[in-house]
Amino acid sequence: MPMSRCHALVWALLLLVAGLSATPAPAQHELTEEVRVKAAYLHKFPSFVEWPAAALPSDGAPIVIGIASADAIFRELERISKGRHVAGRLVEARRVDGIRGLAGLHVLFIGREMGSEASLYLKAAQALPILTVAEHEPIERLVILNFLDRGGTVRFSASLPAAEKAGLTLSSRLLAVADHVHGSPRDKK
């Protein structure tokens, strides 16, 4: 093998090895732009929701955001909310595993990985003052905010009847940026 081909082969192998060692750890690798955006939305949504007084009993009570079946979003939300306030309250991210985990939540996000169990969680949450957020288009009547993919851009729809059933009021500023608002006068046209 001529020396120049040998050098080229060595350089290619070194670049390959360097590329493999520079590969992010699995937890970092799954942190996509979609995950970042959804976690940021989940962190900000409480600023645009009014809960009944009993849902936030004291001024020092944190806003608790529960995440079911979305580990990457949970980790990112936990990272961005650490020590930060929303609507004057600390934000606490919590994993939800089972319907009993709904107690004490203010926001519940259900990842698409949950599948058919999602409707069980959402039906249980309907009777509670919980802002439900999901990424399942077929369950729009059960969820208050639903993430949508619009050509690679994360958007969301809102359901006024679902919010009313939960005893929550959504800010007009939140509704103004929603992709679609179910139950609005425009929705009935």
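The crossing of α3 and α4 is right-handed, meaning the near helix is turned clockwise from the far one by less than a right angle. The model is predicted, with local features needing pLDDT of at least 70 and side-chain atom pairs pLDDT 80 or more, while totals for chains, interfaces and linings use all residues. Residues are numbered from 1 along each chain, and side-chain values use heavy atoms, without hydrogens and water.

Helix α3 (residues 33-44) packs on helix α4 (residues 71-81) at about 55 degrees, the axes being 9 Å apart. Contact means heavy atoms within 4.5 Å. On the α3 side, Val35, Arg36, Lys38, Ala39, Ala40, Leu42 and His43 take part, and they meet Ala72, Ile73, Glu76, Leu77, Ile80 and Ser81 of α4.

The largest pocket holds about 190 Å³ of space. A pocket is an open set of points on a 1 Å grid where a 1.4 Å probe fits, with protein on both sides within 12 Å along at least five of seven lines; lining residues have an atom within 4 Å of a point. The lining includes Glu33, Glu34, Val37 and Lys38, as well as Arg112 and Glu135. Helix α3 gives the largest share, four residues, and β7 (145-150) and β8 (153-159) each supply at least two.

Residue classes at the two sites are as follows.

| Contact of α3 with α4 | eight residues | two residues | three residues |

Asp, Glu, Lys and Arg count as charged, Ala, Val, Leu, Ile, Met, Phe, Trp, Tyr, Cys and Pro as nonpolar, and the others as polar.

Terms used. Axes are lines fitted to C-alpha atoms, for helices over the stretch in contact, and angles run from 0 to 180 degrees between N-to-C directions. Grid points are joined across faces, edges and corners, and a volume is the space filled by probe spheres set on the points.
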